[in-house]
Amino acid sequence: MHVGLSGLLSELRFELWIGDAAKIRAKRVRKQKTDRQDAELILQLLMENRFPQIWVPSVENRDLRQLLWHRHRMVQARTRIMNQLQAVASTKVCYARRGCGRETGRKQLESFPLGPWASRRRQDLLELLDRLTPTIAELTQAIEREVENSPEAQRLRTHPGVDH
């Protein structure tokens, strides 16, 4: 299944080239610009093997980016939920020091007497947290599998400061 025009071109085994517009414009001799002159310049650059091509990610690469972006957004959502849980428990100092991600902190949070709507908010947030945590773990495992299949990613991991 293709994704957009570039996916269709890939399926048809056409290679998509996108040019660097600034570099192409810099190679233009005439100040007056017409579509015909632009087409002739691009053809000339292609024929002379001087076309300033921009790298275009493959369909597979774009899909992997979706995996990374999805996990990133899920982690952000989990962080927002945990921050909201901190706010619910902000009057309880002992909880604020421990955090809601730990089992003891969660048990404390669940035991706090709250008003009906604060209690509902707490319950809804905990349910969301319970749904997000396994999803993030699954996405993390998928990323780890992709890293194992990518020599470039493995090489990147050897760089100081790149987390495993």
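Trainee: What covers the buried residues of α7?
Mentor: This is a predicted model, where local features need pLDDT of at least 70, side-chain atom pairs count only at pLDDT 80 or more, and totals for chains, interfaces and linings use all residues. Residues are numbered from 1 along each chain as its sequence is written, and side-chain values use heavy atoms, with hydrogens and water left out. In α7 the buried residues (under 20% relative accessible area, with exposed over 50% and partly exposed in between, for a 1.4 Å probe and protein chains only) are R122, L125, L126, L129, L132, I136, L139, A142, I143 and V147. Their cover includes α4 (59-88), α6 (103-111) and α8 (151-157).

Trainee: How many residues has helix α7, and what does it reach from its first C-alpha to its last?
Mentor: Helices (H or I, at least four residues) and strands (E, at least two) are DSSP runs, numbered from the N terminus. The expected span of a helix is 1.5 Å times one less than its number of residues, and for α7 (residues 116-148) that expectation is 48 Å. Helix α7 has 33 residues and comes close to that, with a reach of 48 Å.

Trainee: How many helices and strands does the chain have?
Mentor: Read from the N terminus on, the elements run α-β-α-α-β-α-α-α-α-α. That comes to 8 helices and 2 strands.

Trainee: What radius of gyration does the chain have, against that of a compact globule?
Mentor: The radius is taken over C-alpha atoms, and the globule rule is 2.2 Å times the number of residues to the power 0.38. The C-alpha trace spans about 75 × 40 × 35 Å along its principal axes. A compact globule of 164 residues would have a radius near 15 Å, whereas the chain has 26 Å.

Trainee: What percentage of the residues in the chain is buried?
Mentor: The accessible surface (Shrake-Rupley method, 1.4 Å probe; for residues, only the protein chains shown count as cover) comes to about 12600 Å², with 55% of it belonging to carbon and sulfur atoms. Of the 164 residues, the buried ones make up 21%.

Trainee: Why does the pair of W17 and F51 count as stacked?
Mentor: Rings of Phe, Tyr and Trp (its six-membered ring) pair if their centres lie within 6.5 Å; planes under 30 degrees apart count as stacked, over 60 as edge-to-face and the rest as tilted. The structure holds 1 aromatic pair. The ring centres of W17 and F51 are 6.0 Å apart and their planes meet at 25°, so the pair is stacked.

Trainee: Where in the chain do W17 and F51 lie, and how many residues apart?
Mentor: W17 is partly exposed at 40% relative accessibility, while F51 is buried at 15%. The pair links distant parts of the chain: W17 lies in the loop between α1 (4-11) and β1 (18-19), F51 in the loop between α3 (35-47) and β2 (53-54), and they are 34 residues apart.

Trainee: How far apart are the closest N and O atoms of E110 and R106?
Mentor: E110 and R106 are 4 residues apart in helix α6, which means a separation of about one helical turn. E110 is partly exposed, at 39%. The closest N and O atoms of this salt bridge are 3.2 Å apart.

Trainee: Which residues is D38 in contact with, leaving aside its neighbours within four places in sequence?
Mentor: D38 is found in helix α3 and is buried, with a relative accessible area of 18%. Contact means heavy atoms within 4.5 Å. By that cut-off, and with those neighbours left aside, D38 is in contact with R28 and K33.

Trainee: Is N49 buried or exposed?
Mentor: N49 sits in the loop between α3 and β2. Its phi is near 55°, a positive value in a residue other than glycine. With a relative accessible area of 70%, N49 is exposed.

Methods. Salt bridge = Lys/Arg side-chain N within 4 Å of Asp/Glu carboxyl O.
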